[in-house]
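The sequence and the structure come first.

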Amino acid sequence: MTVFFHELKRNRIALIVWTAAISFMLGICVLIYPEMSSQMGEISEMFADMGSFSAAFGMDQINFGEFKGYFGVECGNVLGLGGAFFAAIIGISALAKEERDRTAEYLLTHPISRKRIITEKYLSVMAQILILNIVVVLVTVATIFMIGEKADFRNIALLVLAYLILQIEIASITFGISAFLKRGGLAIGLGFAIMSYFLNIVSNLTDDAKFIKYITPFGYTDGSHILTNNSIEVKYLITGLIFTVLGIVIAYYKYTKKDIT
């Protein structure tokens, strides 16, 4: 597991910074709820009457005045976008950075197969995502207890699980893309995450665009559906898992045959 631990050590600063930033923002988001709760009823009614804007963010289906509605919209967006960006960054650079940093020759001269390199690099990506989410969950639970809010932790757990799967899917897809790259590809990774987010917004605007939810990883992280129905939409989740597997398979296929310079 030499490559695995080397990758964790190599990315430790980025992991610490992203984990601290997302956890801090989520913690602040929860802590300010008591100050805002007195105004949430009026805000919820206002957002619910904003037509397409409300539908785009699912605010026409949940009560923004309740903690779970507030958490699903405000805190969910923090974890969704922040986690997606982090997953895209570590996924897109996992394989490409060896050629970018000119360390490929040193790595490949060791008695270790390319398949093992891919496996350990992918496991390190998954480990970083898990570490980030564990810390985020601990901070979220701690701040909820600090404000004395009686939250529905089953709903929150489902929402966090959906975003965890989202991060795994984005990381896997960008991991597969990284096998084709010889440079960093940071813009590609972040562009993919941003595009996925806005495609989900478009799919919420009209029923004619609902099919887009099968494409975007954000399709099964819709907080309004999860909080209202206490479940993740399986039909969108299945396609997400298929894209996840495809990303991993493509990474193995391409990197094992790639002419690395």
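In this predicted model, K213 forms a salt bridge with D222, and the closest N and O atoms of the pair are 3.8 Å apart, which falls inside the 4 Å limit that a salt bridge requires. Both partners lie below the 20% limit for burial: K213 counts as buried because its relative accessibility is 2%, and D222 counts as buried because its relative accessibility is 13%.

The structure holds four salt bridges.

| Salt bridge | N to O distance |
|---|---|
| K213 and D222 | 3.8 Å |
| K121 and E7 | 3.0 Å |
| R116 and E120 | 2.7 Å |

The salt bridge between K121 and E7, with its closest N and O atoms 3.0 Å apart, links distant parts of the chain, since K121 sits in helix α8 (residues 114-146) and E7 in helix α1 (residues 2-10), 114 residues apart. K121 has a relative accessible area of 0% and is therefore buried, and E7, with a relative accessible area of 2%, is likewise buried. E7 and K121 also belong, together with R10, to a network of salt bridges.

The salt bridge between R116 and E120 has an N to O distance of 2.7 Å, and both of its residues lie in helix α8, where they are four residues apart, or about one turn of the helix. R116 is partly exposed, with a relative accessible area of 38%, whereas E120 is buried, with a relative accessible area of 3%.

How are α1 and α8 packed against each other? Two packed helices are described by the angle between their axes and the distance between the axes. For α1 and α8 the angle is about 40 degrees and the axes are 8 Å apart, so the two helices are oblique to each other. The crossing in which α1 passes α8 is right-handed. On the side of α1 the contact is made by T2, V3, F4, E7, L8 and R10, and on the side of α8 by I117, E120, K121, L123, S124, A127 and Q128.

In soluble globular proteins, nonpolar side chains tend to be buried together. The largest nonpolar core of this model has 57 residues, and those with the most contacts inside the core are F67, I129 and I170. The elements that give two or more residues to this core are α2 (12-31), α5 (67-93), α8, α9 (153-178), α10 (186-205) and α12 (234-257), and α9 gives the most, with 13 residues.

When its neighbours within four places in sequence are left aside, I170 is in contact with A84, A87, A88, F192, P217 and F218. F86, in helix α5, counts as buried because its relative accessibility is 1%. With its neighbours within four places in sequence left aside, the residues in contact with F86 are A14, L15, W18, Q128, I129 and L132. F86 and A14 are 72 residues apart in sequence, while their C-alpha atoms are 8.7 Å apart in space.

Note on methods: Residues numbered from 1 in each chain as written. Predicted model: local features only at pLDDT ≥ 70, side-chain atom pairs only at ≥ 80, totals over all residues. Heavy atoms only, no water. Salt bridge = Lys/Arg side-chain N within 4 Å of Asp/Glu carboxyl O. Buried < 20%, exposed > 50% of the residue type's maximum accessible area, 1.4 Å probe, protein only. Core = buried A, V, L, I, M, F, W, Y, C linked by side-chain atoms within 4.5 Å. Contact = heavy atoms within 4.5 Å. Axes fitted to C-alpha atoms, helices over the stretch in contact; angles between N-to-C directions. Parallel < 35°, antiparallel > 145°, perpendicular 65-115°, else oblique. Left-handed = near helix turned anticlockwise from the far one by under 90°.
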